Amino acid sequence: MLRNKNKLMLGIPYYVWSVIFIVIPLFMVFYYGLTDKTGAFTFENVSAIATYEHSKALWLAVKLSIISTIICFFLAYPLAMILAKYAKGKSSVLVMLFILPMWMNFLLRTMAWQTLLENNGVINTMLSFIGLPRMTMINTPGAIVFGMVYNFLPFMVLPLYNSLEKIDPNMINAARDLGANAFITFFKVTLPLSVPGIISGITMVFVPALTTFVISTLLGGSKILLIGNVIEQEFSQTNNWHLGSGLSIVLMIFIIISMVIQSIADKDGEGSVL
Amino acid sequence: MKKFMLALVLAAMVLSLAACGKKSENGKVVVYNWGEYIDPDTLEQFEKETGIEVVYDEFETNELMFPKVAAGATTYDVICPSDYMVDKMINAGLLQELDFDKIPNAKKNIGAQYWAQSDQFDPGNKYSVPYCWGTVGILYNKTMVDEEIDSWNILWDPKYSGQILMQDSVRDLFAVGLAKNGYSINSTNEDELQKAKQDLIDQKPLVQAYVIDEVRDKMIGNEAAIGVIYSGEAIYTQRENSDLEYVIPKEGTNVWIDNWVIPANAENVENAHKFIDFMCREDIALKNFEYITYSTPNEAAQKLIEDEDIKNSPIAFPDLSKYKLETYLYLGEDADELYSKLYKEIKSAD
C-alpha cells in the first residue's frame, strides 16, 4: 500500500506536466478547430481540407515525406548495421560522432544548406570551378526532400541501431551453421528481428517531415506550400486560429494512424523476439 | 488521491495565471520592432541616459506581429507597425492614445507633411508617431539587366526567369500585381484582385523565391537580378554592391510610414513615452538613419546629414509629387480575408 502511494507521488510531476502541456493544448486545438469565430460548433474548419489549396498542400507534404522516409531508410540501414557490428566501445564513439551535428541548432543547419545550395553557393561555385555547368538546386521540391533527409536521418539511424544491436549474434551464427548464406541470413533473421526499429524509425522520420514548415520555407523559397506552411500561416499571419486548428486535427489523424501502425507492429516484433 | 492531484493541478494553473496577470511598472520598456530596424547603440544610449532597461523583440511582417499582440501573450510597451496596421490596431482597440506633452520632440522635429500623411490612417494623429518612411520599388543589378527599368512589367519578362525576388507578405505582393494593371493598391474590387492574382500566378515560374529580409542579402550577393524591395534597403545595398540600382516604377507604388505606437495593455506607459521621445530626438534619428538607411521623417535630423549625396538622394528623399504613390489603408475584415484567400492560391500554385 505504502509503495503504491509513493509511486503515485513520484508520478505527480509527470501528471502535472502532461495536463499543462499535452491535455490542455490538445483540448484547445479541438476547441478552436470545431468552432467558428462566434464560438458556435462547426465542422467547416476540418472539412476545409477538401479545398483545392489545402488538399494539394497535404498531398504534396505526404508525397515529399514518403520520399524522404524511403531515402532515409535506405541510407540509415547499412549505417546502423555497420554501427551495430562494431565492438561496444568503438561504436559508441561512432554513434556520438553521428549525433554531434544534432547538437547544433536545427534552424542553423538548414540555413547552412541554403548557403550551400544557392545559385552562387558553395556547391555551384565548386562545380563551375571544375568546369561543370551550374545546377538550380535551391527552391525546388528536391531541395526540400534533401533538407528533410539531412535533418531527420539520425531519427532513423538510432532506432535501427538499437534494434540491430539487440540481436543475439548467436542467432546469426546459428543461421550460418545451418547452411544459410549471408543473403538469406539477412532476409530471414536480421531484417525480421529489426522490424520494431524499422517501424519506429519510419514514424520518427515521417511525422516530423509531414508537419515541417521551416524546411519548406528555407529551402523551398516559400514557393512550395506544404500543409505545415498552411497551418503556420493561418496562425501567424492570417490570424485564423480556427482554420489552423481544424487543419491540425486532420494532420493529427494522419499522425495517429502511423502511431497505431507502429504499436501494432511493435507488438508483433516483441512476440517474435520471445 | 485523485482529488488531491486535481487540486494540485488547479493550484498550479491559478498560480501561473496570477503571475501573468501581475501588472506594474518595472523599470523596463518592452519594444517590438521590425528586424534590423534600429541602431543598437541608440538602445544602449537610452539605457544609459534614463536607467530604463530596454527589452527588445523583432518581427518580420505586420501580419506576423498582429496575432501576437492581439493574443496578448506578451505585453509590449512600444510597437512599430506600418500605416494600414496602425489603422487595423486602432479598430481592434489594441492601441492607446499618446500623451504628446510627454513626447515634445515629436511635434518639434517631424515634418508637417508626414503628420498629414499619417492622418490618413490615424485621424487626428492621436495614436502614432512616424519613425521611418519609404517606397516599395525595384532593385536591379546593372550587370545582369542591360535595359532601363521603369515598369513593374519587367518582373514578368521571361528573360529573367529564376532571377526575380518577390516580397513574401500579402500587401506588398498584391501591390505589385495591382499596380501593374493600373489598379489602386488598396483595391477591394474582387475582379481587380482576381486579375492581380492571376498575373502573380503566371509570374510564379519566373520567381526565384518569395522572401522578405533576404532580398537585401541575395541582391548584394548577386544571387538574383531583380528584386522588389523597400527603398530604405536600397541605399544600404548600394553601399555594399555598387552595381545595384533602385527605381520607383511609373505605374506607381506604395509609400509607407512605420510608426511608434503604445498598445492598450502596455505595462510601462511612462517609459514607453520616454522611449518614443528619445527616438524623435534629432541626434538619435540621425544615428538610426545612418545605420539602417531608411528615410527619416525627422526634418531636424535630415538637416544634420553631412553627406550631400545622401541628403539629396532621390532614393532616400524622393520628390513625392513626381510619382503616383498611395499609402496602404486598412481594408476591413472581409477584404483581409479575401486577400488571404487569394494569397494562399498564389502560394499553392505551381
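1. In this predicted model, B:Leu165 has B:Gly227 of β7(B) as its bridge partner. The two strands concerned, β5 (residues 164-167) of chain B and β7(B), run parallel and are joined by two bridges.

2. Strand β7 (residues 226-230) of chain B also pairs with β4 (residues 129-141) of chain B. Here the sense is antiparallel, and the pairing extends over five bridges. Within it, B:Tyr230 of β7(B) has B:Val136 standing opposite.

3. The reader may ask how many of the five residues of β7(B) are buried. The count is five of five, and the strand is accordingly described as mostly covered. B:Ile226, B:Val228 and B:Tyr230 point one way from the strand, while B:Gly227 and B:Ile229 point the other way.

4. A separate point concerns an open sheet of three strands in chain B, arranged in the order β2-β1-β3 with parallel pairing. Its edge strands, β2 (53-59) and β3 (78-79) of chain B, each pair on one side only. Strand β1 (residues 28-34) of chain B pairs with β2(B) in the parallel sense through seven bridges. B:Asp57 in β2(B) is the residue that B:Tyr32 stands opposite.

5. Helix α8 of chain B comprises 14 residues, 190-203. From its first C-alpha to its last it reaches 20 Å, close to the 20 Å expected at 1.5 Å a residue.

6. Which residues of α8(B) are buried? They are B:Leu193, B:Ala196, B:Lys197, B:Leu200 and B:Gln203. Seen down the helix axis, the buried residues of α8(B) fall within an arc of 120°, so they line one face of the helix.

7. On the face turned away from the buried side of α8(B), B:Asp191 and B:Asp202 are exposed.

8. Finally, the contact between the chains deserves attention. Chain B has 26 residues in contact with 22 residues of chain A. On the side of chain B that touches chain A, at least two residues come from each of α1 (2-21), α3 (62-71), β6 (207-211) and α15 (333-348) of chain B. By class, this side of chain B has 13 nonpolar, seven charged and six polar residues.

How values were computed. Residues numbered from 1 in each chain as written. Chains lettered and ligands numbered in written order. Predicted model: local features only at pLDDT ≥ 70, side-chain atom pairs only at ≥ 80, totals over all residues. Contact = placed C-beta atoms within 7 Å. Helix = DSSP H or I, 4+ residues; strand = E, 2+ residues; numbered from the N terminus. Nonpolar A, V, L, I, M, F, W, Y, C, P; charged D, E, K, R; others polar. Expected span 1.5 Å × (residues − 1). Buried ≥ 20, exposed ≤ 12 C-beta atoms within 10 Å, placed from the backbone. Arc of directions from axis to C-beta. Pairing = 2+ DSSP bridges.
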